[in-house]
Amino acid sequence: MNQSNAIEQYLAILGDLIGTQNKEIPLHEPLFVGNEWEYVKSCIDSGWVSSVGEYVSLFEKKIADFTGIPYVVAVVNGTAALHVALILAGVQPGDEVLVPSLTFVATANAVAYCGATPHFVDCNQKDLGIDIAKLEHSLSESTIIKNGICINKNTQKPIKAVIPVHVFGHPMDLDGLQTICEKYHLTLIEDASESLGSYYKDLHTGQFGKIGVLSFNGNKIITTGGGGALLFTDKKLAERAKHLTTTAKVPHPSDYYHDEIGFNYRLPNINAALGCAQMEQLPKFIDKKRHLAQRYIDAFSNRQDLYVLKEPLGTKSNYWLNALILQTPNRSLINQLIEKAKHNGIGLRGLWTPLDSLPMYQHCPKMDLTTTYDMFNRTISLPSGPSLGNLL
Ligand SMILES: *Cc1c(COP(=O)(O)O)cnc(C)c1O
């Protein structure tokens, strides 16, 4: 079968499933059908739109209750949350931090903000998360432990931490990674930006390391406009995060006194208000997304040449974004499919360009990234917004 035939067939399947709307179907869009307007309006009516107001702590409590992770600190976006997480993990200029090459650029940028260097690791085919066996092999070959610190023998720099990403909401092998972290003295920071509502062995993602991170950007499963959160099981660390993200101001009724260089990373009250309303909708959004995922899985189940990515065994995914995986890498097919789908009003996207190939990260240390490039040339993301779940 030639390429254009294949593309026509994929488009027909997608068209049957979602293509009969009279507006363009985006890859993802927010859905505001709850108390969003009421809560945001109450901020505007009261004047409490910024750094004071009740919605921030309410939003933090709603996230803690939902995830079962006891301490939550809301911040301006997921990137800022990653930045602070790395500072709290003690990452310093000159350190290396293990980061997947296959992730949104923010994961690596946060490392660079600390003056540290991302050290890129490969993904596996199964869930697009870090390839545990390959990481272990690479660390055993290229590092030594000196005074309890993992040193990269090639660069002589300390490797301090690792940031796994639950790509598209699918939890990666956290047990395997925890074992590696113990053996190599690495701090685990979970980038759970895409996995609010995803569980690894019945526990919500974001609590398997020292710190977890969420994002509430406009394209995530819930949104605050822009926003993020830090997740902790340790109360002291959470208090330190709150202090650092609120300009390190020492509480006092009248004085401005700050005891270190803090960040203005606090989530504004008006954004938290939006978030409170969205959290009320989250269980429904997850149901819709899982339903939509099953529809995609069924629609493509007869094909030999591609499949829809499924949640790994022992996990429950929020299916934030659905992905089609080609059996064989084919960049030109992906590009043509995206282009043609656009003409049919269907928003498809490719995967992130592997970060090690971006100009600012080309010089960074990395392990063999064969699977990352393989999956980059095999993966297409499918429209997955919560309102799509409504139409089915
Ligand atoms: C969305 C996202 C982030 C954070 O993004 P912000 O826009 O800063 O909230 C970080 N990592 C991953 C993998 C993401 O998808």
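Q: In S16, which residue is the bridge partner of Gly350?
A: Gly350 is partnered by Ile380 in that strand. This is a predicted model, where local features need pLDDT of at least 70, side-chain atom pairs count only at pLDDT 80 or more, and totals for chains, interfaces and linings use all residues. Residues are numbered from 1 along each chain as its sequence is written, and side-chain values use heavy atoms, with hydrogens and water left out.

Q: How many bridges join S15 to S16?
A: There are 2 bridges, and the strands run antiparallel. Two strands pair if DSSP finds at least two bridges between them. The strands (E, at least two residues) and helices (H or I, at least four) are DSSP runs, numbered from the N terminus.

Q: What's the strand order in that sheet of 4?
A: The order is S12-S14-S16-S15, in an open sheet with antiparallel pairing. S12 (306-308) and S15 (349-350) are the edge strands, and each pairs on one side only.

Q: And the sheet of 3 strands, what order does that have?
A: That open sheet goes S9-S8-S13, with antiparallel pairing. S9 (203-204) and S13 (315-316) each have a single partner strand, so one side of each is left without a neighbour in the sheet.

Q: Which residue stands opposite Lys316 of S13?
A: Tyr199 does. Strand S8 (residues 199-200) pairs with S13 over 2 bridges in the antiparallel sense.

Q: What do S4 and S5 form?
A: A hairpin, with 2 residues between the strands. Asn147 in the turn has a positive phi of about 50 degrees. S4 (residues 143-146) and S5 (residues 149-152) run antiparallel and are joined by 4 bridges, with Thr143 partnered by Asn152 in S5.

Q: Switching to the ligand: how many residues surround it?
A: 15 residues do, and the closest are Thr79, Asp191, Glu194, Ser215 and Lys220. Being near a molecule or strand takes a heavy atom within 4 Å of it. By class, the shell has 3 nonpolar, 9 polar and 3 charged residues. Here Ala, Val, Leu, Ile, Met, Phe, Trp, Tyr, Cys and Pro count as nonpolar, Asp, Glu, Lys and Arg as charged, and the others, Gly among them, as polar.

Q: Where is a polar atom of Ser215 relative to the ligand?
A: A polar side-chain atom of Ser215 is 2.6 Å from a ligand oxygen atom. Asp191 has a polar side-chain atom 2.8 Å from a nitrogen atom of the ligand, while a polar backbone atom of Gly78 lies 2.8 Å from a ligand oxygen atom.

Q: How much of the ligand's accessible area does the protein cover?
A: The protein covers 93% of the 380 Å² the ligand has on its own, with areas from the Shrake-Rupley method and a 1.4 Å probe. Helix H4 (78-88) and helix H5 (106-113) are the elements that give two or more residues to the shell.

Q: What volume does the largest pocket have?
A: About 380 Å³. A pocket is an open set of points on a 1 Å grid over the protein atoms alone, with protein on both sides within 12 Å along at least five of seven lines; lining residues have an atom within 4 Å of a point. The volume is the space filled by probe spheres set on the points.

Q: Which residues lie nearest its centre?
A: Of 16 lining residues, Leu27, Asn219, Leu321, Arg349 and Trp352 do. The lining divides into 7 nonpolar, 5 polar and 4 charged residues.

Methods
Polar contact = N/O pair within 3.5 Å; in protein donor to acceptor, adjacent residues only side chain to side chain. 1 Å grid on protein atoms, 1.4 Å probe; cavity = no way out; pocket = protein on both sides within 12 Å on 5 of 7 lines; lining within 4 Å.
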